[in-house]
Structure formats: structure tokens, C-alpha cells
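Here is a short briefing to read alongside your viewer. Take a look at the fold, and then let's walk through it together.

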Amino acid sequence: MKQLVRLWSGVHRHAWFARHRRRFRESEPRRPRVYVDVSVIARNDARTGIQRVVRALWLELSRRHHPTHDFVPVYAGARHGYRRACWKATAERPTLTAEVVKAAPGDHFIGLDLSAHYLPSCTRQLADWRAAGLMTHFVVYDLLPVLQPDWFNAGTVGHFTRWLDTIAAHGDSLLSISDAVGRQLADHFDPVARPPLGRLRLSGDLTHSRPTTGIPALVAEQLDAMARRPTLLMVGTVEPRKGYSVALHAMERLWAAPQSSAPDLMIIGKAGWKTGALQQQIRQHAEYGRRLHWLEGVSDEALEVAYARASALLLATRSEGYGLPLAEASRHRKWVLARDLPVFREQLLSNVRYFGDDHPEPLAAAIERIMAVAAQGDPPVQHLLSWAECADELLVEIGVDRPAVVDEPIEQDERRVAAR
């Protein structure tokens, strides 16, 4: 059945491109545009780190009255190329239109969303855009599906590989979200054949990222419990690389100690792939619902509460392109215990302590140490980038760097939810 669906979608897609091929170039004079890809979040906000980045940066770009460029969200699909979207400042997600995206000299396209399922099918449109004078810039969040394919489903690896080939062939620049990813890109591609490499810096400010809202009663009940007991927080999809298994083994050692004062463990993240046994282990654990908790698919509002009430954050992931929870926890002035990875070190955060050995006993000892530090007080305040600053740097990076007038911040519920 899936093969028939893909075949039928392919027929529709080829027909769409054949029908609109001559409409990919603008024929009427207008101001240059910066097209921003929101293809994935337009259909489904999975509430992962990438979605938070897409929402935050589009919000900042949409508020700008630029002297030379207009900012326009766009999306592609399985049956068509890029069309315009409409994303109002007060809306959680964009509205989709059937208007074909046309290119003109001075235009830019930012591949902000990870549209690995759609972009490789749009090479004809990309080529026509570039021939018309548009410049393309693709954000690279990580290279994990090609560097560690065993951590992902075969379909994801295939889509990502084709996406990577597409951005190399049709990109005017590739923007990495960390120096570590930048080095991986430099190593992965022939330096003569690949596009120039740039940088996109990120913020950890959930409040100003057009956060999703809503806290169901059962979720609120579990979040309230965090205010009453010391709690170690883990944030991220439950997938092979995230290190949930080693964290659980370390926590079991702490919970088993006589007269244990070990913290609760709160996991926030949707159920992912290749972790069926681990998911079952968590849900059937003797401490599940007592000292072990798992909230799936919660809103950003709920995540904000969790950060505010947690004692500390644990990042046991084996590899990351950036590590957005680290920045988010730092903005909440929380101590962090993180695996010793170069991508975390490069953020130069003073509230982070590192571990290298993830066997149960040494990791349990490291958890005890970070909880003791957290019990003594919050870490010092440190400067962290705002999303507005990140958007400013992005425009400079792609060459749209003339000053822009930014609207006053949209009124949002900025309750940091009193902590503890």
C-alpha cells in the first residue's frame, strides 16, 4: 500500500512540475523576497528541537520591516513543489496556499526546516530559481543519519542522504548550527565541489519562540510533583542515541541504595524509533509513576514549567548537532550534567558539568554530584543569545544585512511559572 501511495504521489508531483515549469520565474517587478522553508512544521509540529528553532526564527523574521526584502514562508509536499504559506504572528502554525513560489533576482531561499522528504523532488524548481537569480541557503542541523545510520530507520537514512546530495548540488551556502557540524560538513564533502560553509547560531529562549501552549490536568499533576521532590530532567525524543538506557541504569543504582534520597527522573520527549524494548522497560518499571516519569508530546508551555521546577538537567546523548536542551536549561539557570562532547564544550557555559564514563556506577556518582551542586543554589547568570540576535546574524550570513525595523515584541504569556 505504501508503495502505491508513493507511486501515485510521484505521478502527481511530475504532473505538477510539468504544469508549472514556466511559472517558477517572476515576470512582474517587485521587491526581493527571502523565502523561508517551513514544509514540515506546516503539517505537523512534532515539538522537537528543530521545530522550536523553525518557529522561533520565523517569528523573528516575520516581525521585521526590512528596507530591501520581504519575508515569505513557503512549503513543499509529496505531490507538488514549493508553494506560499501564510503564517500570522498570532497563529501557532501556517496556513497553506496553492500559490506557486516564483523567483527573481535578489531573492533568497532559506532551507530552515529539515525537508528531507520533499526537497530532493524539487531540483527542477531549485535550478530554475537559481537561474532566475535567487540564492539558496540550507540549514544543516547534523549529519547523524549518514555518520551513524544504525541509529535511524532505513527510510530516514535514504531521505537524508538524498537531501544532503541535493543541498550540495543546489546550495549557494550551507549553514551549520555548531562548529562541530561545520567540521563534519567540511570533512564530508569535497571542498572544491561543496557550497561555501556558514554558521547559524541558536538561542534557548522558549518564551520568545512562538511556544505551543496547553497543559492537560494529568500533565499538570506530574509537573506539580516536580516542585515537591528533587527531580533530574531529560529532554528529547526517546531514540537510540539519546542515552536514556544508561541514565535509567544509573538511576536504578541510586534508587536501590538503602535510605535513598535519590531524585526522581522526569523524561520529556515523544516515543521514537528503534527503542521498543526501552519504552516497554520504562512503562513497566517498578518506579514508573513513583520516581520515574515520562511525558510525551507536551507543549512548550509545559516544557517551560518542567525546566523551571527541575533541579538539574541530564544530557546523556551520544551525539548532537547542537543540544538545544542545554541552552534552554541554561536560560532557566539550571545546572546541567552533560556527556563530554565537543559540541557541548563549544558553547562555553559555566553551568555545565561533564561526564565521560556512562557505566551505572560512575554515572550515578556524577548524578549525585550535580544534584548536590544544584541543592546549594542556582548557577550565575550568563549572557545567552536571543532569537532576535540569531535572526540578525542569519541575515548577515546570507547577505541580507541592511538594518531592519523590528516590531515591538508580540504580547505572549511570559510566565516563567514560579519555580519550586
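Predicted model: local features only at pLDDT ≥ 70, side-chain atom pairs only at ≥ 80, totals over all residues.

A compact globule of 420 residues would have a radius of gyration near 22 Å, and the chain agrees because its own value is 22 Å.

**Overall build**
- Along the principal axes, the C-alpha atoms of the chain fill a box of roughly 75 × 50 × 45 Å.
- Of the 420 residues in the chain, 52% are buried.
- If you take contacts between residues at least 6 apart in sequence, 77% of them join residues at least 24 apart.

**An enclosed helix: α10**
- Helix α10 spans residues 300-309, and nine of its 10 residues are buried, so the rest of the structure largely encloses it.
- The buried residues of α10 are Asp-300, Ala-302, Leu-303, Glu-304, Val-305, Ala-306, Tyr-307, Ala-308 and Arg-309.
- The cover over these buried residues includes the helices α2 (49-62), α7 (217-226) and α11 (324-331).
- Strands are part of that cover as well, including β10 (231-235), β11 (264-268) and β13 (312-315).

**α2 against α14**
- Helix α2, which is also among the elements covering α10, has an axis that comes within 9 Å of the axis of helix α14 (residues 387-398).
- The two axes cross at roughly 75°, and α2 and α14 are therefore roughly perpendicular to each other.
- On the α2 side the contact is made by Val-53, Ala-56, Leu-57, Glu-60 and Leu-61, and on the α14 side by Trp-387, Ala-388, Cys-390, Ala-391, Leu-394 and Leu-395.
- By class, the contact of α2 with α14 has 10 nonpolar residues, no polar ones and one charged.

**α8 against α13**
- Helix α8 (residues 244-256) packs on helix α13 (residues 360-375) at an angle of about 75°, with the axes 8 Å apart.
- That angle makes α8 roughly perpendicular to α13.
- Val-246, Ala-247, His-249, Ala-250, Met-251, Arg-253 and Leu-254 of α8 meet Pro-360, Glu-361, Leu-363, Ala-364, Ile-367 and Glu-368 of α13.
- The contact of α8 with α13 divides into nine nonpolar, one polar and three charged residues.

**Cysteines**
- How many disulfides does the structure hold? The number is zero.
- Cys-390, one of the α14 residues in the contact with α2, has 0% relative accessibility and so counts as buried.
- Cys-86 counts as partly exposed because its relative accessibility is 36%.

Note on methods: Residues numbered from 1 in each chain as written. Heavy atoms only, no water. Buried < 20%, exposed > 50% of the residue type's maximum accessible area, 1.4 Å probe, protein only. Helix = DSSP H or I, 4+ residues; strand = E, 2+ residues; numbered from the N terminus. Contact = heavy atoms within 4.5 Å. Axes fitted to C-alpha atoms, helices over the stretch in contact; angles between N-to-C directions. Parallel < 35°, antiparallel > 145°, perpendicular 65-115°, else oblique. Nonpolar A, V, L, I, M, F, W, Y, C, P; charged D, E, K, R; others polar. Disulfide = S-S within 2.5 Å. Rg over C-alpha atoms; globule rule 2.2 N^0.38 Å.
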